[in-house]
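Subject: Structure for your files

Hello,

Here is the structure you will be working with. My notes on it follow below.

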Amino acid sequence: MEQDNESQIQVKLVTQQRKYAVSDSAILVPANLRRYGLSEIVNHLLGYEKPIPFDFLIDGEFLRTSLSEYLQNAGLSTENIVTLEYVESMLPPSSLSAYQHDDWVSSVRGHEQGYFLTGSYDNNARIWNPSGECLQTFVGHDAPIKSVAWVSIQEEDVICLTASQDRTIRAWHSSISDKQYDVLYECRGHKGSVESISINAQEALFSSGSWDSSIRIWTTTATPNDEDGSDYEFIENAEKRRKIRKKKATSIIVKKPISILTGHVGPVSSVFFDTKDPAKLYSGGWDYSIRTWDIESRTNVDTKNCDQVVYDIAYSEKSGLIASGHADRAVRLWDSRAEDVAVVKLSLVSHQNWVSAVSWSESSPFMLTSASYDSCVKIWDIRSKTPLYTLRASDSNSNNHNRKKESGKKLLCIDWSKDLILSGGEDNRLHIHGAKKIEGPYTKENL
Amino acid sequence: MARRKIISVTKKRKATGSESPNQKKNTVELAKDINKRNNTQKEGLITSKTSDEEEEEEPQSSDNSERILNLGEDLDVGNDSDYIAGDSLEDSQIEEIDDDEVSDISENERNLGEKKEEQEEKDREPPNTVGNIPMEWYDDYPHIGYDMDGKKIMKPAKGDELDKFLDKMEDPDYWLSVKDDLTQQNVKLTDEELDIIRRIQMQEIPDANYNPYEPMVEWFTSKPEVMPLSAAPEPKRRFVPSKWEAKRIMKIVRAIREGRIIPGNTQVQKPRFYNLWADSDQSRQDHPMHIPAPKMKLPDHDESYNPPAEYLPNEKEKEEWEQMDPEDREKNYLPQKYSSLRAVPAYGRFIHERFNRCLDLYLAPRLRRNKLNIDPESLIPKLPNPKDLQPFPTRLAFSYIGHTGRIRCFSIDPLGLWLVSGSDDQTIRVWEITTGRCVYTWTVDDIVHSIAWCPNKDVCGFIVAFSNKVAFISPFKLCDEEMYLFTNQYVTAGFNQSQKDDKKKNVHWVQPTEQEKESGYLVILNHSHSKTVKQVTWHRKGDYFATLAPDAGNQGILIHQLTKHQTQQPFRKIKGIVQRVMFHPIKPLFFVATQRFIRVYNLIKQEAMKTLQSGVKWISSLDVHPMGDNIIIGSYDKRLCWFDLDLSSRPYKILRYHSMAIRSVSYHKRFPLFASCSDDGSIQIFHGMVYNDLLQNPLIVPVKILKGGHNIVDSLGVLHCEFHPTQPWIISSGADHQINLWT
């Protein structure tokens, strides 16, 4: 291990993953080693025949240069013992499949049971199973669907929500086995396109954010919370309305919001319920603010301001951070617990265009993924400022010519559901990437 | 005594050799001296007359010599004292030298002395003692004076005229005789005396023996002698500052102190006469502003009569040279070789070249260019850094693709969610701004020239101008039912009121057909003229709107009221070709931009308020600042002018940044930004801060050039640009069939 002309550094290898633990005594390693070399050492110490790739962290940041360069940049002495934490590397995601839609895919949500719910600009929402079959197509909206959400899947019964540009939210009920579906209720009240919906942890309430700059809270129960007697003036003008709308759902239960949260001064682009606290709601809007709401008191608890339009927010209960996607190509991270401190914790800039959607990994407090108008999906580990992986939607099966054509296709939505990264956009396809930590043969090409 | 005389003569000789300037004076006095001498010689003369002995001839001659010596002494009388006083130093030297000569003379003298004494015995006849008086005093007396003993000397017998005549006739020497006043006798002049007279007459030196050109003896020279005449040491006086000089200087110093002399004021008196042409042959000094004549080219090697072989052209080169146009030739001659200078012929181009040289000399530009010694940095106005002026659009986000023709116009809804665009492909499209999704498409029957979303937030719809029609279209899918109903009510309510007499009307408000109604048309305005409506613009409240058809003459500008379906013709007569019209965002003012002027009208008072002189040749576009006190115009001659309405009728700032015609200018409604787009394919973003303080002028800073989003098609670039109403984004449309969003 000794080399000429090279200084050596004492390192202490530690890990939080018990199964990979090695002795915590300091060992001497050449200073010019990079991640790969260190990974080899760890594998050697563990005595694995099949090497497992590891990533190394110093002071909570990924080591992306050689050890000596890192120490030089940080201004640290090479005499001291360096503590290296190592974690198993995430393997590059593999493109699994792409489901063709009739129009742009505007929204996607995956479910634990493996089903995918997509909303599309052809006004329809679809349920897919993992094998790529379209199980259900919900037809009924008059305008493109902007957001979808699962309410529950109980055996065969599926309840889901779709929000549309036609200012309504619909709850659909169907069974997976047959193609029958019915509309549970329709939520009316928004005066602008409903951009985002989110269901709280108890699945009793959901919120919707709209371009009319209001956030409305609704119950998920199928019974109308209000007497239908005041079922809106458009019933009175039903004749005129008929001219506008060919399809008139007379039998649909119409719901009213249980509360309206106003505070945003521009369109609300995204709402997200705290996954732990059922009364806590985060929202992002065009007024450059990320607000925290208390549902019960209907108050705006906290406002975090930046200087860019917020397109999408996502909250991770594991890290307690809010990630937001912005028009200035950045993904920003905010500490949801730090109240009154409107400081961006971290700004991740790598995308070439607007960041249209962000989603946290359910398993890791550090991993998140973002989709952008530059047709790239990026996977981030927030311990590093550079993205771990960049996925091009068109990578999988298209030649160069097509790729050029599709490189301008915007991605509109993303969801990290268990091991899968689902993304959809202008290219009318739902892309599914596997992001599992797969134990496989470790080759240099993979990295 | 004689000896003394001789010495003095020798002295004299030496002296006259060095002091020739005395000669003249001496000769002048000569005549008088001759008389004196005659006196002294009187005895001799008498004796010579009385005694005719031959012996006496000799002493006579010797006497002559003495006379001459005497004469010399007399001549020297005036100078002698000077001589001795001036040169007393050298006395010893003179005597030393004299001694040689004296020794020679002394022998002669001894002989002479003896004879003289004998003669003195004879001549001891008392001479006339009257002295040197005018002798006519004795004219009336028988005597002419007194002798030594006081006895009268009687007048000699005076012959009568006959005797005189006889004397004249008989005496051959008569003409040589002179009457002596003192003795009243005729004295015959000797040869020497005659010679002297002749010399005087000839203006020569009287003394025949005197040589004026004797070599000069340098007695006193600057050369230090090995054996100096005086070995005296340098006197102390020579080393001591002169007391008298010091006194004199003190005198001047005192005079300066008292102001009697002003130093430095020494006026050099110009000579009265001077040589006018003294310096005419010298070259004049260069004037500070002198510009030298262009220099002539020096002859080249190949102009030699016998140039080296490499300079000689070969046949091909010769041919080329001859075929070239004389003006294109690099050199106006061909190098040629001659065997000898003799063989060189006359230069054929001589006159031509001289003529060209003359042209050069008098046509050469005589202009002195002063180099400005200014730091260029200091000329740039101090502007804030664009980075500090964010936000402003910096990069292309994405394009709205779908149109297949030039997109001349678009409009953004007041909330900033929807975009409606009209194109040369005769379609109108509505886009979702954030995603670039085309939501609506209408097809009309002509090029869409102008489109404007209704600024009333309760109304969902826009007006669009194509051919001579203007339509109000409501994209009902985008608004909720209440809004749609309100819009419908708002727009169509006028049909109930305004069906009076159709003939007078400029515009017919027409109900759209059922099919059109289905697609969203609410009302259509048919202009009675057939000219194209080029622009539609809203009043801020969304009730009134103005239409502009530049070719329609007096009916070109019309103001319509949407709710009442009424049309007014605000101007009976329109001056010039109107380019743009616009409502003031706050006040009841109306802007009309013709090719060169912008006129501001007050709609309530119905009068012209102001005329702004743009100074540009052809205005293309106009926008009014949301505060209303500033407007910007763009022109086809690449200029963008900012007017401050309170300041002046002339532009406050003229910006010339585009390389091609400006097509559109736009203010941001919320941010201090404005932009211009041009046929050069670029959009320029400026920071334009307007202060509430009236004293502070607007701050204009160019912050960004957005390039590369639009291709130039048929020399048309970006046709329209407009800011997003709420975000610092700009949307631009171009001739390349696309609309771009810049964020």
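Strand β32 of chain A is joined by six bridges to strand β33 (residues 420-425) of chain A, and the two run antiparallel. Within that pair, A:Ser417 is opposite A:Leu420 of β33(A). Please keep in mind that this is a predicted model.

Both strands belong to an open sheet of four strands in chain A, ordered β6-β34-β33-β32 and paired antiparallel. Its edges are β6 (94-100) and β32 (411-417) of chain A, each of which pairs on one side only. From one strand to the next the twist averages 20°.

A second open sheet of chain A also has four strands, in the order β7-β8-β9-β10, with antiparallel pairing. β7 (105-110) and β10 (134-138) of chain A are at the edges with a single partner strand each, so one side of each has no neighbour in the sheet. Ignoring direction, neighbouring strands here are turned by 20° against each other on average. Five bridges connect β7(A) with the antiparallel strand β8 (residues 116-120) of chain A, and A:Arg109 has A:Leu117 in β8(A) as its bridge partner.

In the model, residues 98-129 of chain A are 0% helix and 56% strand, with end C-alpha atoms 12 Å apart. Residues 187-218 of chain A are likewise 0% helix and 56% strand, and the end C-alpha atoms of that span lie 8 Å apart.

Chain B has 743 residues, of which 30% are buried. Its secondary structure comprises 13 helices and 33 strands. Of the contacts in chain B with a separation of 6 or more, 50% are between residues 24 or more positions apart.

One strand of chain B deserves a paragraph. Five of the five residues of β11 (residues 462-466) of chain B are buried, so the strand is largely enclosed by the rest of the structure. B:Phe462, B:Val464 and B:Phe466 point one way from β11(B), while B:Ile463 and B:Ala465 point the other way. In a regular strand, side chains alternate between the two faces of the sheet. Strand β10 (residues 448-453) of chain B is joined to β11(B) by five bridges and runs antiparallel to it; there, B:Ala452 has B:Ile463 as its bridge partner. Five bridges also join β11(B) to the antiparallel strand β12 (residues 469-473) of chain B, where B:Phe466 is partnered with B:Lys469. β11(B) and β12(B) form a hairpin with two residues between them, and B:Ser467 in the turn has a positive phi of about 40°.

Next, the nonpolar cores. The largest has 200 residues, and the members that touch the most others are A:Ala323, B:Val464, B:Phe591 and B:Ala675. Another core, of 16 residues, lies apart from it and includes A:Ile41, A:Leu63, A:Tyr70 and A:Tyr86. Beyond its neighbours within four places in sequence, A:Ala323 is in contact with A:Ile313, A:Ala314, A:Val331, A:Leu333, A:Val358, A:Trp360 and A:Leu368.

Last, the interface: 16 residues of chain B are in contact with 23 residues of chain A. On the chain B side, β5 (396-401) and α12 (481-492) each supply at least two residues, and α12(B) gives the largest share, three residues. By class, that side has seven nonpolar, five polar and four charged residues.

Regards

Key
Residues are numbered from 1 along each chain as its sequence is written. Chains are lettered from A and ligands numbered from 1 in the order in which they are written. This is a predicted model: local features need pLDDT of at least 70, side-chain atom pairs count only at pLDDT 80 or more; totals for chains, interfaces and linings use all residues. Two strands pair if DSSP finds at least two bridges between them. Axes are lines fitted to C-alpha atoms, for helices over the stretch in contact, and angles run from 0 to 180 degrees between N-to-C directions. A residue is buried if 20 or more other C-beta atoms lie within 10 Å of its own, exposed if 12 or fewer, and partly exposed in between; C-beta atoms are placed from the backbone. Two residues are in contact if their C-beta atoms, placed from the backbone, lie within 7 Å. Ala, Val, Leu, Ile, Met, Phe, Trp, Tyr, Cys and Pro count as nonpolar, Asp, Glu, Lys and Arg as charged, and the others, Gly among them, as polar. A nonpolar core is a set of buried Ala, Val, Leu, Ile, Met, Phe, Trp, Tyr and Cys residues joined through C-beta atoms within 7 Å.
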